[in-house]
Structures are given as structure tokens and as C-alpha cells.
Amino acid sequence: MRSLIIACRVMEEELRSLATGREELLFLDQGLHRSPERLRQALQEAIDAAVDYDIILLGYGLCGGALDGLHAGPCPVIIPKVDDCIPLLLGSVAARGGWPAGTYFLSSGWLAGEENIVREYRRCLERYGEERGRWILKQLYNHYQNLVFIETDFGQGTCSTGTELQVNPDATSSMSLNPGALAMARQLAVNLGLTFNVYRGNSLYLQRLTQGPWDNNFLKVEPRQKISTTAFWNLEVGEK
């Protein structure tokens with residue numbers, strides 16, 4: 001079966017590490033998330049162009065409604081039943097639910113993008129100055145209490161067992177963390193006055209997306225059918 005994975009570039013490293021070599025991968029820019037309409041258009045164009053595949057696997061959640069209204073092409077489309085990519089990196093919706101609502105998540109992929117919170121922070125300081133810029137950003141993010149850096153070393157086989165492990169943010173020697181991304185995330189937490197944690201991600205959900213089985217944790221859209229958020233949530237979600 002010939003499959004195409006269309007995913008956000010935020011998860012490029014993780015998906016490439018899990019790829020079997022039997023699929024093709026297409027990554028769209030992270031910045032498209034700033035406009036659900038633009039993201040929807042880019043996804044539809046990618047789906048419409050995929051005419052020689054047996055199945056399309058979308059590495060996206062609802063993403064602010066960007067998937068609503070998309071149409072499948074000549075082959076089925078498989079979509080993980082998540083709001084965004086956070087549960088895909090943590091391994092399950094349940095793992096995401098284990099963190100309080102006031103938690104901001106980052107990963108190496110997020111920080112590698114052109115549009116991310118660290119660059120936003122720096123631009124704000126450049127525009128308004130150190131003191132006023134810090135105050136503005138703290139007001140913008142005052143509903144957050146925690147910043148969590150998701151470590152996703154899937155290629156080493158350390159995160160694929162379905163277990164979840166919280167890691168002391170200072171105990172990094174036993175993990176293959178990206179030191180640059182980790183340092184940026186930790187400093188950002190300090191600047192915003194947030195509690196900082198490092199959390200070991202889990203590849204289980206992404207493995208199921210790329211390899212199956214596509215159970216109740218996924219929505220299967222048949223050829224030429226329309227994707228709707230109503231159908232997305234009306235289907236029973238299995239235990240992840």
C-alpha cells in the first residue's frame with residue numbers, strides 16, 4: 001500500500017525517525033497555523049495533488065478548525081482525533097489531560113520554526129524595550145503557569161514503549177536532549193515566570209498514525225467525502 005504522510009513541520013524529526021521507508025512524507029510550514037484558512041487551503045492543495053496513493057495520513061489535529069471543510073481526494077484520509085499535535089508528541093490524549101490547563105508546551109520542532117514564542121519574545125523586546133516588553137509578554141501569557149519541554153528522542157527507541165516518564169529538568173545527562181532548544185525553553189520559562197519541566201514524549205500515537213491500526217482514536221474519511229468537526233467528535237474515541 002502506497003501512503004503519503006502530510007504533516008506539520010513541527011513533527012518532521014519525529015516522523016522521519018518513525019518512517020519505515022514505504023511511505024512518502026510532505027511537511028507544511030509551521031507558520032500556516034497563524035491562519036486556519038491558509039492552513040486549510042494548503043492542506044486541500046496537498047490532498048488534491050496526491051493522486052497516486054492508496055491512503056493519506058494527516059499529521060494534524062483540528063488546529064483551530066483548519067481541517068473543517070476539507071475534502072478527501074481519490075483515496076481515504078486518516079486523521080488522529082486530537083485538537084493539536086501535543087497529544088501526538090506526548091503519546092495520547094490522556095497524557096495531555098494529565099497537565100493542567102495553564103500549561104504551555106514546546107519541543108525542538110516548535111523552536112526550530114520561523115514563528116515561535118522565543119522569536120516573538122525577542123521581537124517584543126526589540127520593539128518596546130526590555131522592561132515594557134517583558135511586562136507586555138507576561139500579560140499576554142499570564143494565564144499560563146507551566147512551561148513543558150517535550151523531549152522526543154523516538155529514533156533511539158527510548159520513547160516507543162507506551163510509558164510516560166517525567167524528567168527532572170536539570171538531569172539531562174541521561175537523555176539525548178537538544179541542548180540549544182532546551183536552553184531556550186528553560187530561559188523562556190524564567191523570563192515569563194513559569195514553572196519549567198522536561199517531559200519524555202511517547203511515540204505510540206504517531207506510530208499508530210504511520211503504521212496502524214487506525215482504531216477509534218482516528219477518523220477515516222472515505223474518498224471524495226467531506227471532513228467535518230461534527231463527525232470528528234461524534235465518533236467514539238478509544239482509550240489511548
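Modeller: A residue counts as buried under 20% relative accessible area, as exposed over 50%, and as partly exposed in between, with a 1.4 Å probe and protein chains only. By that rule Cys 124 is buried, with a relative accessible area of 9%. The model is predicted: local features need pLDDT of at least 70 and side-chain atom pairs pLDDT 80 or more, while totals for chains, interfaces and linings use all residues. Residues are numbered from 1 along each chain as its sequence is written, and side-chain values use heavy atoms, without hydrogens and water.

Colleague: What share of the residues of the protein chain counts as buried?

Modeller: Of the 240 residues, 50% count as buried. The protein chain exposes about 11,600 Å², of which carbon and sulfur atoms supply 46%; these areas come from the Shrake-Rupley method with a 1.4 Å probe, and for residues only the protein chains shown count as cover.

Colleague: How many helices and strands does the protein chain have?

Modeller: Helices (H or I, at least four residues) and strands (E, at least two) are DSSP runs, numbered from the N terminus. The protein chain has 10 helices and nine strands.

Colleague: In what order do the five strands of the open sheet lie?

Modeller: Two strands pair if DSSP finds at least two bridges between them. Here the order is 2-1-3-4-9, and the pairing is mixed. Strand 2 (23-28) and strand 9 (218-221) are the edge strands, each pairing on one side only. From one strand to the next, the twist averages 20°. Strand 2 pairs with strand 1 (residues 3-8) in the parallel sense, over six bridges. Within this pair, Ala 7 stands opposite Phe 27 in strand 2.

Colleague: Which strands does helix 9 lie across?

Modeller: Two conventions apply: contact means heavy atoms within 4.5 Å, and axes are lines fitted to C-alpha atoms, for helices over the stretch in contact, with angles from 0 to 180 degrees between N-to-C directions. Helix 9 (residues 204-211) lies across strand 1, strand 3 (55-59), strand 4 (77-80) and strand 9, and runs at about 160° to strand 3.

Colleague: Which residues of helix 9 are buried?

Modeller: An α-helix has 3.6 residues a turn, so residues three or four places apart point the same way. In helix 9 the buried residues are Tyr 205, Leu 206, Leu 209 and Thr 210. They fall within an arc of 125° seen down the helix axis, so they line one face of helix 9; the arc is that of the directions from the helix axis to the C-beta atoms. Just after helix 9, Gly 212 takes a positive phi of about 80°. In the loop between strand 8 (195-200) and helix 9 sits Ser 203, which is buried at a relative accessible area of 1%.

Colleague: Which residues does Leu 57 touch?

Modeller: Leu 57 is found in strand 3 and counts as buried at 1% relative accessibility. Leaving aside residues up to four places away in sequence, Leu 57 touches Ser 3, Leu 4, Ile 5, Ile 6, Ile 78, Leu 209, Thr 210 and Trp 214. Leu 57 and Ile 79 are 22 residues apart in sequence, yet their C-alpha atoms are 6.4 Å apart.

Colleague: To what number does the count of disulfides come?

Modeller: A disulfide is a pair of cysteine sulfur atoms within 2.5 Å, and the count comes to zero. For Cys 63, the nearest cysteine sulfur is that of Cys 85, 6.8 Å away. Cys 63 is buried, with a relative accessible area of 12%.
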